[in-house]
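I opened my notebook for this one and wrote down what I looked up, entry by entry.

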Amino acid sequence: MRSRVLAGLPWLIAGCGAGNAGDVVVHVPPAHRAVFARYLAGVPGRPGLALAEDPVRSAGAGVWDGVLTEDVRWPGSEVDLGVDVSGDGATAALPAMQVAVVEDLQCTECYELTGEGRLWTVHAGDLLGAQYGLTHLLELWGYRFFHPFAAHKPATLSPLDGNTALDVRHRPEIARRGLHLHTLHPIEGLDAFWLPGARAEERAARILDWAVKSRANHIQWVSLDDITDNPGVAARWQEHTRAVVDMAHQHGLTTGMGIQLFGASNLQNAFDLVDGAPEPGAMRAMMEDRLSLVTGVGLDELNLSFGEFFTADPDEFVAAVDRSYEIARAQDPDLSMSTVVHVGDGEDQKVTYQGEEMIYYFLAQYADPEIKPWVHTTMYYNLFEDAGGAYHHDEFDAHRELLLQRIRDDQPVGYFPETAYWVAFDDSVPMYLPTYIRSRWLDLARIRDETAGTAGLQDHVLFSTGWEWGYWQNDYTALRMSWGLRPWETEVAALYAPWGDDGAALGRLVTEVADLQAEYLIKKRLTPYLAGRDVAMEAGFSLGVVAQPDRYTFAELADLSGEERDAFAADVLGPLLAYADAMDARGDRARVLADAHPADPWFDEMADAMQVTHLRARYAYMLWSAAWVHAEGGNPTDRLETADRIRSSATDKVADRHAALWDPDGRRMTSAEWANPTIYDYGYLHHADTLCYWEREWVEARRAMAITDATPPNCL
């Protein structure tokens, strides 16, 4: 097994109570010691981070003021400042870097970094600004807070004199920068934010701290229906949720929870407000009863969604949304509400309201004007380019125009894109897809350009579904781009900057792969031949229910005309081979870099991720070209044998990566048996671990060629 940056969860004790034992000693206002103890404890080891035993005090003043000068009493400092700090004329041997964090600015979530040599100050406008500022200072020294359970620590702390980030006021570009943990899926956040227990609270603490370090100011997760009819479960859940919400508030984060309106559209085990078709009076009573479960735990916002592949009477829909908001506010007057404007352009998902035909989910804009609609996009698609047929959309143009027009009209609106889709699409295949980073940047850049002269986008909340296989990069970079937009290539380059020239080379590889995927997966529409498909999706496609883009089946390929097969070879097989070749070269370069850093798990992760993504593309090409050769009357044996060897190589690669997961409880993420209240009784990486989608395609292709009559695994 390869080594991890953090093994287990020692962070509850590391740094805390360590006095000044560290390479950076941080002095904070007494009221914030608990928050910063949790913050610093997330990075054990050396260079160490520690809180000062006592607040920095002006000589003789006895009050906190956070001013760093040589007149300051430095408890235990190795630097002789002419002050007896030990009581016996001695000076303790302690680290060089001293940082004071002080709230002395008059702005929200802002900060400035000042200092030189060993003495540094983070000036902030509030607690969040203080945490952002300290994070930025540590990042300038080479720290990277990549993952909730793993961080990179530099070998040495580089001088910062003359750095352009110093003596500058830093403030956020977008007011709400959020992370939505989609706990309807069995991901890392499920047993942190939903499942009660001390261990869960510890995990939640790490994720909350990481969200702040990533420049978020809002976090939310999705509720499940195990609390609906079980008072014991509900009571334990409420206690746990209050504890998590309190921790979030201690950091300065606001909190939200996803709830669903109609049980009829509940395709997963979501907590919903209305089951069946009750009369209005009974509906209100049901809403009051169910909302009372979630309105008393201290949340700041409810995020109301409406399921998928579903419509309701428009007037009833709008009335039900308004009623849910009215009841929630009656139970907790401080609660706000947002709604999800989901995607779905099928004919059965269109309604007519006030004389205008629209996608059903667009009805949310006609609810109470205090309710903020969040425009959703799905997968790595964006608002401005091809959507590949996802959810029947060739592009998300209607969603784009709704978002832009509401910004221009100064109406409440938010953007709610995805950084992973999970189900049979990306990290569960597995494939590494940094083109998510490019798409999230492109959206923000184009929205800013298209709404110049207005207040701009104010809510940007990321739909997150898992962090292994490099998917932490998507949240990490997108949250920073929400804070302050710069070219996405610059954001990627900053990831690995502490590693010097090799880090720069790795960053270039990531951007090259993202660009390749934009070209081949988005523009050339190869996505459906690389994503997986389970048995439920196959059934849905036959009924016109489309989520991820559709493709030919192996059996359908044999039924195409010669002209159609020629077009398939030109439009699919040729680009697939070109993409596989391009990914092969990048995977090889990533492995060379990783071999030059044999003890560095961050390089190893990228090599594994790029190589398995190449193998996925090569495997798809071999299977589909074998089916094409067979349909043309040729012998596909060589290609099938090659595909089988590729699958074996991918199995080894997955085993390597899953032996080095960042999450100390990663075994749950790959497990086939994880008892939890989602509809999935396995971890989100289980099908990646078994290469289930690859196996399913292997059987399907050979069935289409009459080589086997085996039943494909269902991969549900």
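**Entry: Met 379.** I looked up the accessibility of Met 379 and got 0%, so this residue counts as buried, the cut-off being under 20%. I then placed Met 379 in the loop between β18 (372-376) and α8 (397-408). Its phi is near 60°, a positive value in a residue other than glycine. I kept in mind that this is a predicted model.

**Entry: Cys 715.** I went on to another positive phi and found Cys 715, with about 60° although it is not a glycine. Cys 715 sits in the segment after α21. I read a relative accessible area of 3% here, so Cys 715 is buried. A reminder to myself: most residues other than glycine have a negative phi, and most peptide bonds are trans.

**Entry: a peptide bond.** Which peptide bond did I note as cis? I noted the one from Val 429 to Pro 430, where omega is near 0°. I traced Pro 430 to the loop between β19 (414-416) and α9 (435-450).

**Entry: Ser 223.** Next I picked Ser 223, in the loop between β11 (218-222) and α5 (231-251). Its relative accessibility is 0%, so I filed Ser 223 as buried. I found a polar atom of the Ser 223 side chain 2.6 Å from the backbone oxygen of Gly 258. Leaving aside neighbours within four places in sequence, I listed the contacts of Ser 223, among them Leu 184, Trp 194, Met 257, Asn 269 and Phe 271.

**Entry: Gln 268.** I placed Gln 268 in the loop between β12 (254-262) and β13 (272-274). Is Gln 268 buried or exposed? Its relative accessibility is 16%, and because the cut-off for buried is under 20%, I count Gln 268 as buried. Not counting residues up to four places away in sequence, Gln 268 touches Leu 184, His 185, Ile 679 and Tyr 680. With Tyr 680 I also found a polar contact, side chain to side chain, at 3.0 Å. For a distance check I took Ala 205, 63 residues from Gln 268 along the chain, and got 27 Å between the C-alpha atoms.

**Entry: nonpolar cores.** I looked at the largest nonpolar core, which has 229 residues. Which members touch the most other members? I wrote down Val 24, Trp 141, Phe 193, Trp 221, Leu 302 and Tyr 496. Helix α17 (residues 601-631) gives the most to this core, with 17 residues. Another core lies apart from it and has five residues, including Val 340, Trp 374, Phe 416 and Val 461. I zoomed in on Phe 193 too: beyond four places in sequence, its contacts include Leu 181, Ala 204, Ile 207, Trp 221, His 240 and Val 244. In soluble globular proteins, nonpolar side chains tend to be buried together.

**Entry: α17 against α21.** Last, I checked how α17 packs with helix α21 (residues 692-704), and got an angle of about 10° with the axes 10 Å apart. Angles under 35 degrees count as roughly parallel, so I call the two helices roughly parallel to each other. On the α17 side I noted Val 612, Leu 615, Arg 616, Tyr 619, Leu 623 and His 630, which meet Trp 694, Glu 697, Trp 698, Ala 701 and Ala 704 in α21. Sorted by class, this contact has eight nonpolar, one polar and two charged residues.

Definitions and conventions:
Residues are numbered from 1 along each chain as its sequence is written. This is a predicted model: local features need pLDDT of at least 70, side-chain atom pairs count only at pLDDT 80 or more; totals for chains, interfaces and linings use all residues. Side-chain values use heavy atoms; hydrogens and water are left out. Helices (H or I, at least four residues) and strands (E, at least two) are DSSP runs, numbered from the N terminus. Buried means under 20% relative accessible area, exposed over 50%, partly exposed in between (1.4 Å probe, protein chains only). Contact means heavy atoms within 4.5 Å. A polar contact is a pair of N or O atoms within 3.5 Å; within protein, one must be able to donate a hydrogen and the other to accept it, and residues adjacent in sequence count only if both atoms are side-chain atoms. A nonpolar core is a set of buried Ala, Val, Leu, Ile, Met, Phe, Trp, Tyr and Cys residues joined through side-chain atoms within 4.5 Å. Axes are lines fitted to C-alpha atoms, for helices over the stretch in contact, and angles run from 0 to 180 degrees between N-to-C directions. Angles under 35 degrees count as roughly parallel, over 145 as roughly antiparallel, 65 to 115 as roughly perpendicular and the rest as oblique. Ala, Val, Leu, Ile, Met, Phe, Trp, Tyr, Cys and Pro count as nonpolar, Asp, Glu, Lys and Arg as charged, and the others, Gly among them, as polar.
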